[in-house]
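Good morning, and thank you for coming.

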Amino acid sequence: MAENNEISEYITFPRTFEKYRWYKPILVFIVGIILMVIFDLILTFIFGMIWGWDFVDLIVTGGYEVLNNEIGEIFSDLGIIIMIPSLYIASKIVRDRSFSSYSSSRGGWNWKLYLKALIIPFILQIIFESVDIAINGGEGTYHFTISFLIATLILVPLQCIAEEYAFRGLIMQTFGSWFKIPVLAIILQSIIFAAAHGYNDIGLAEIFISGLVFGFFAWKTNGIEVSSALHTANNLSISLFVMFGLQSTSSTVQLEDAAIAIVFEVLLCILMYYIGKKTSWFGEIEEPLQNI
């Protein structure tokens, strides 16, 4: 457990634990990767048995274009969501620190804060995507079903939360515990976050900016709920537009599209930070609704 009951800075939070050792996050990372590979193999086997190995091979090697397919979207989301149990089990095996400490330095995951921070970005993201389609047109394959909609509404938020646990949780907190320089930790995790995505150079630059924004909010809010909300608003809105055939995903991002998206994201960041400061969202220290 942490040495005291005060709210600690999230990025350097691991250092407040009595059992802190600089090498333990490395062990958690290694064990987590091994577990994730095992879970991925199980997931791939299940999908292969149901939909055929050739189809699964196409999904695995198809880049972000596979997200234009219903099964590809579900498979990809599940493949990322397993980061959560992988990290949870790894933290228990290594006995590094409580899993809730990856969520926040306020006592665990706060669903109320996550849901409250999700509303405005999601609405603005829908408006932004709609305006873009109205101006430039949209093209994709319509594959809406009630079951797929339900799956998307469940899986996409969990996928985004899983990435926040991995990148803003484990990785950013590890750098923060080593160097004790929050800004450096934010930059380093953002580089790794971008490198983990399979886009072209322009797309990676956009992901890098996203990583900076998510890291900034995790730092300022002492947890990953707001960054998860921003992440969810982006991914969920895109997934819905793709589902209705209004957009299509691609591993190749155009410069103009990336530039507009970055400007929108920076403006959204400024707006959310202003709202958060005005409404004291970022100062919430009440008991979280669920302490994982």
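I begin with Gln159, which lies in helix H7; helices (H or I, at least four residues) are DSSP runs numbered from the N terminus. The model is a predicted one, in which local features need pLDDT of at least 70 and side-chain atom pairs count only at pLDDT 80 or more, while totals for chains, interfaces and linings use all residues. Residues are numbered from 1 along each chain as its sequence is written, and side-chain values use heavy atoms, with hydrogens and water left out.

Is Gln159 buried or exposed? With a relative accessible area of 6%, Gln159 is buried, the term meaning under 20% relative accessible area, with exposed meaning over 50% and partly exposed in between (1.4 Å probe, protein chains only). Not counting residues up to four places away in sequence, Gln159 touches Asp77, Ile80, Ile81, His231 and Asn235; contact means heavy atoms within 4.5 Å. Gln159 and Ile84 are 75 residues apart in sequence, yet their C-alpha atoms are 9.1 Å apart in space.

Two of those partners, His231 and Asn235, bring us to H10, where both take part in the contact with H7. The axes of H7 and H10 come within 9 Å and cross at roughly 145 degrees; axes are lines fitted to C-alpha atoms, for helices over the stretch in contact, and angles run from 0 to 180 degrees between N-to-C directions. The crossing is right-handed, that is, the near helix is turned clockwise from the far one by less than a right angle, with anticlockwise giving left-handed. On the H7 side the contact includes Phe148, Thr152, Val156 and Arg168, and on the H10 side Ser227, Leu236 and Met243 are among the residues met. By class, this contact of H7 with H10 has ten nonpolar, eight polar and three charged residues. Here Ala, Val, Leu, Ile, Met, Phe, Trp, Tyr, Cys and Pro count as nonpolar, Asp, Glu, Lys and Arg as charged, and the others, Gly among them, as polar.

H7 also meets H1. The axes of H1 (residues 24–51) and H7 (residues 146–179) come within 10 Å and cross at roughly 160 degrees. That makes H1 roughly antiparallel to H7; angles over 145 degrees count as such, under 35 as roughly parallel, 65 to 115 as roughly perpendicular and the rest as oblique. H1 passes H7 in a left-handed crossing. Pro25, Ile26, Val28 and Phe29 of H1 make the contact with Leu170, Thr174 and Trp178 of H7, giving six nonpolar, one polar and no charged residues.

I turn now to H9. Its buried residues, including Gly203, Glu206, Phe214 and Thr221, pack against H7, H8, H10 and H11. Which residues does Glu206 contact, leaving aside neighbours within four places in sequence? They are Val253, Ala258, Ala261, Ile262 and Glu265. After H9 comes Asn222, whose phi is positive, near 60 degrees.

The last pair is H8 and H9, whose axes come within 8 Å and cross at roughly 140 degrees. The two helices are therefore oblique to each other, and their crossing is right-handed. Among the residues that meet are Ile186, Ile187 and Phe193 in H8 and Ile207, Phe214 and Trp219 in H9. This contact divides into 14 nonpolar, five polar and no charged residues.
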